[in-house]
Amino acid sequence: MGRTRFDIILTTDRSMMSNHHGKEFVGFMTTGPAIGMPEKLWMWIAAPKMKVDSLGRPWQAPYALRKLEALLQDKGYNAAVIDPDYVAHHLLDAKILMLSHHDYFALCPPSSEWWLITRKEPVNAKSFRRFMNSLPLAKAKERGLKIIAGGPAAWQWLYRLDLMSRWGIDTVVDGEGERIIIDLVEKVYSGEPLPRYVFVGPSDVPSIEEIPAIRRPSINGLIEIMRGCPRGCKFCSVTLRPLRHMPLELIEKEMLVNVREGVRSGILHSEDVLLYGAKGIKLNPDALIKLHQLARKHWESIAWSHASLAAVKNAEEEHRLISRLREIICSKGQDYWGVEVGIETGSVRLAKKIMPAKSAPYPVEKWPEVVEDAFTIMHENNVIPAATLILGLPEETPEDVVKTAELLDRLKPYRSLIVPMFFVPMGVLKNKDWFTDVRVTDEHVEVMRRCLWHSVRWAEEIIDKFYLREAHLSPLKYLLKMFLSYVKMKVRAYEKKMGLRPIEAEAAPIAH
Amino acid sequence: MLTGRFYEVYFLGRLDEVGVEKLKECVFEATKRGEERVRIRFYVRDGADISYLDELKKVLLENVLLSIVVESRELEKLTEDLESDEGEITLIINEDSPLPDLTRFQKKLRIIRKG
Ligand code: SF4
């Protein structure tokens, strides 16, 4: 390996520094503990190693790290994203180590929920800890290394101050980093002390002009098309930040960065892809068509990160837009695309309290119908949603959970995965065994069982007919199917032990 | 961002529930005044001590509207910082130990004491 020195190293652990075999959804396995197989095998399935160059720079890296890398390089700093296996090699020459993670300590759903159910620490947190413990941090700190940790899970350091001290984290940055990071780097270079914690409020987020184009490929070609969300759900911080739509020129530039280095498929990233170019929630079909034509021109396959169910229904009903986008997306050999969507609850009462605008332009009273209509539209257009539910919100009553269970019954015929997320109050997280303090009711168990059987049933079909058809992915397909069989066996045994009425047969898909 | 205008709060002493309430009031006050950023400086005897963050998270995680910057400062730096900071400063004193003479900073200081 070469001895080129980097002043600023950006990195994360293996659970994040992986393209998950080019299948983004497989990456969700990093949020669970190893189930039914050794952890090494689980990690190989969920997060295989990334190809690197002679300096340990990964072929693909998390988008947020790529953005900061570009920003720092644009400002003339000698910065690079380094694969976790090669960080130790560079660390003693570096001035700053920057860390980022979606879930450093597995305290966010779905990791927290896996932990709650299995009572085992998920592999993402274990992998991050292993990575940090493997670094010669004491020696590097002695030589003056500064460590800055950020990313969407930055707040979690406040619950692990022991590790913040042990690993010598100097500064934690919570929020969009483009503006603050240069200030922090300048402080390091001029020998000034760093702040311990920075929360970046809505007035300090970068404008479009301040957001740089990535210079090297992102994981699975993910590209951000907008930031922010206008729907104002109560439990969500994204909604407080101003809406910014990335210009097509910037998007194309980033697509080409990926394509030039062999990442020929991509994911359009936004909290709601269908709101690209929109005014508030008023859709802009032209902007969406142009965006997808651009993606089609450069990519072999297109995926969406997130979309709102109300926008799916509105797009199809008012503009026939899902069908029109399907015509663009489902060509060049692609015949489906995936997206994450939020159901959150089947209860109108709860929806009114926590997400009154999530159903807009439809009235919140119609939320369950909006969900079902959107699922129908997606099923008919080969859009495969991975949907989330939120259980255990402080305002939730048992009746609300029953309503969610009823909605799940209505969603059985639609090809989808449905993942319940357990709301964990922040106060609970301060205990190491926080998961023993979370109250799971019988109604919650019912919803979780319905989600599980729904998702297992559909996952089998999705794996066979859509997701893992390529010959080189056969071993992965085989292992995932084994995992599904193991889960089914375990849940059947659990149901028997608890005297629960089996619902497996009722979960069978009834429409294709 | 760090060179912008801040609503400055200096904190002396141990951060306990009372201190947390005082800090929450400061953040509220800053919001009311239309400020965009708050800087909270903790004057500590041991620079490596970050235990105040444990209590401070109640302030940090409740806030969504303002930028907040948290700094650890050595106690000896207090007068120097008071000297160099030009704007108004809220000084929360949450301990009884003797302090340097602050009378010359009276004009720019708003002092909130324990109890
Ligand atoms: S729709 Fe999603 S991103 Fe938008 S405010 Fe609600 S939870 Fe947040």
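**Reading the terms in a predicted model**

Ring pairs join Tyr104(A), Phe105(A), Phe128(A), Trp157(A) and Trp167(A) into a cluster. This is a predicted model, in which local features need pLDDT of at least 70 and side-chain atom pairs count only at pLDDT 80 or more, while totals for chains, interfaces and linings use all residues. Residues are numbered from 1 along each chain as its sequence is written, chains are lettered from A, and side-chain values use heavy atoms, with hydrogens and water left out.

User: How many aromatic pairs does the structure hold, and why is the pair of Tyr104(A) and Phe128(A) called what it is?

Analyst: Over all chains there are 17 aromatic pairs. Rings of Phe, Tyr and Trp (its six-membered ring) pair if their centres lie within 6.5 Å, and planes under 30 degrees apart count as stacked, over 60 as edge-to-face and the rest as tilted. The centres of Tyr104(A) and Phe128(A) are 4.9 Å apart and their planes stand at 65°, so the pair is edge-to-face. The two residues are 24 positions apart, with Tyr104(A) in the loop between strand S3 (96-100) and helix H4 (111-118) and Phe128(A) in helix H5 (residues 123-134) of chain A; helices (H or I, at least four residues) and strands (E, at least two) are DSSP runs, numbered from the N terminus.

User: Are Tyr104(A) and Phe128(A) buried or exposed?

Analyst: Both are buried, a word that stands for under 20% relative accessible area, whereas exposed is over 50% and partly exposed lies in between (1.4 Å probe, protein chains only).

User: What makes helix H11 (residues 309-319) of chain A mostly covered?

Analyst: In this helix, 8 of its 11 residues are buried, among them Leu309(A), Val312(A) and Glu316(A). The cover over the buried residues of H11(A) includes helix H12 (321-329), strand S12 (337-344) and helix H14 (367-380) of chain A. After H11(A) comes Arg320(A), with a positive phi near 50°.

User: What do the buried residues of H4(A) pack against?

Analyst: The buried residues of H4(A), including Trp115(A) and Leu116(A), pack against H5, strand S14 (417-422) and helix H16 (442-467) of chain A, where contact means heavy atoms within 4.5 Å.

User: How do you know that the radius of gyration of chain A agrees with that of a compact globule?

Analyst: The radius is taken over C-alpha atoms, and the globule rule is 2.2 Å times the number of residues to the power 0.38. For 512 residues a compact globule would come near 24 Å, and chain A has 22 Å, which agrees.
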